[in-house]
Amino acid sequence: MRFARPAARQLTGVLLVVSALLHSADSISAFTEVPQAYVATTPVAGVTLHVLAAPEPPPPPVVPTRERLIALAQATWPHDPETAVRILVCESQAGDHPDTFSLEAENGGPMQLNRSTWEPYFAAMNGWTWEQLVTDEAIHFQAARIIYDRAGGWAPWRCR
């Protein structure tokens, strides 16, 4: 019996540690940060399990309305709003063309800026990405106005 006692004490010690860990699972999470993906907790046999959920997809981009794009064109060229709107409608159907906001197209955004010409220029000068130039309406119209000013008019656009 003397030899069995130390083994029993070891086994009892291990069981106490395991039991303590199982019963203190809640306190363990107090020392570790639970990722955002863990959205629910479920108690199971005295242990709190964190249930992993799939992350929510990002919201779809907000596509500006035709009216908003027309107003932005008019505000960007207050001295020539009619031509600005005519070019906007000709280039992208005032944003209604399905490829207006395509990041894969050769030209992008409501005023259809040429990617090979303007992506490197605006990346170097302003740090703007092609995605921003195409999808961020404020950046897009600011870039279009810069192009207009550099050219001294509407020459960079086919539709005039």
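Predicted model: local features only at pLDDT ≥ 70, side-chain atom pairs only at ≥ 80, totals over all residues.
Local features were required to have pLDDT of at least 70 and side-chain atom pairs pLDDT 80 or more, whereas totals for chains, interfaces and linings use all residues. Residues are numbered from 1 along each chain as its sequence is written, and side-chain values use heavy atoms, with hydrogens and water left out.

Two packed helices are described by the angle between their axes and the distance between the axes. Helices are DSSP runs (H or I, at least four residues) numbered from the N terminus; their axes are lines fitted to C-alpha atoms over the stretch in contact, with angles from 0 to 180 degrees between N-to-C directions.

Helix 3 (residues 66-76) packs against helix 4 (residues 81-92) at an angle of about 140 degrees, the axes lying 8 Å apart. The two helices are therefore oblique to each other (angles under 35 degrees count as roughly parallel, over 145 as roughly antiparallel, 65 to 115 as roughly perpendicular and the rest as oblique). The crossing is right-handed, that is, the near helix is turned clockwise from the far one by less than a right angle. Contact (heavy atoms within 4.5 Å) joins Arg66, Leu69, Ile70, Ala73 and Gln74 of helix 3 to Pro81, Ala84, Val85, Leu88 and Val89 of helix 4. These residues comprise eight nonpolar, one polar and one charged (Ala, Val, Leu, Ile, Met, Phe, Trp, Tyr, Cys and Pro count as nonpolar, Asp, Glu, Lys and Arg as charged, and the others, Gly among them, as polar).

Helix 3 also meets helix 7, their axes coming within 10 Å and crossing at roughly 35 degrees, again in a right-handed sense. Arg68, Leu69, Leu72, Ala73 and Thr76 of helix 3 face Glu137, Phe141 and Arg145 of helix 7 in this contact.

The axes of helix 5 (residues 115-126) and helix 7 (residues 137-151) come within 12 Å and cross at roughly 105 degrees, which makes the pair roughly perpendicular. Trp118, Tyr121 and Phe122 of helix 5 touch Ala143, Ile146, Ile147 and Arg150 of helix 7.

The lining of the largest pocket includes Trp118 and Ile147, together with Glu91, Asn107 and Arg158 among others. By class, the lining has five nonpolar, three polar and two charged residues. On a 1 Å grid over the protein atoms alone, a pocket is an open set of points where a 1.4 Å probe fits, with protein on both sides within 12 Å along at least five of seven lines, and lining residues have an atom within 4 Å of a point. The volume is about 210 Å³, taken as the space filled by probe spheres set on the points, which are joined across faces, edges and corners.
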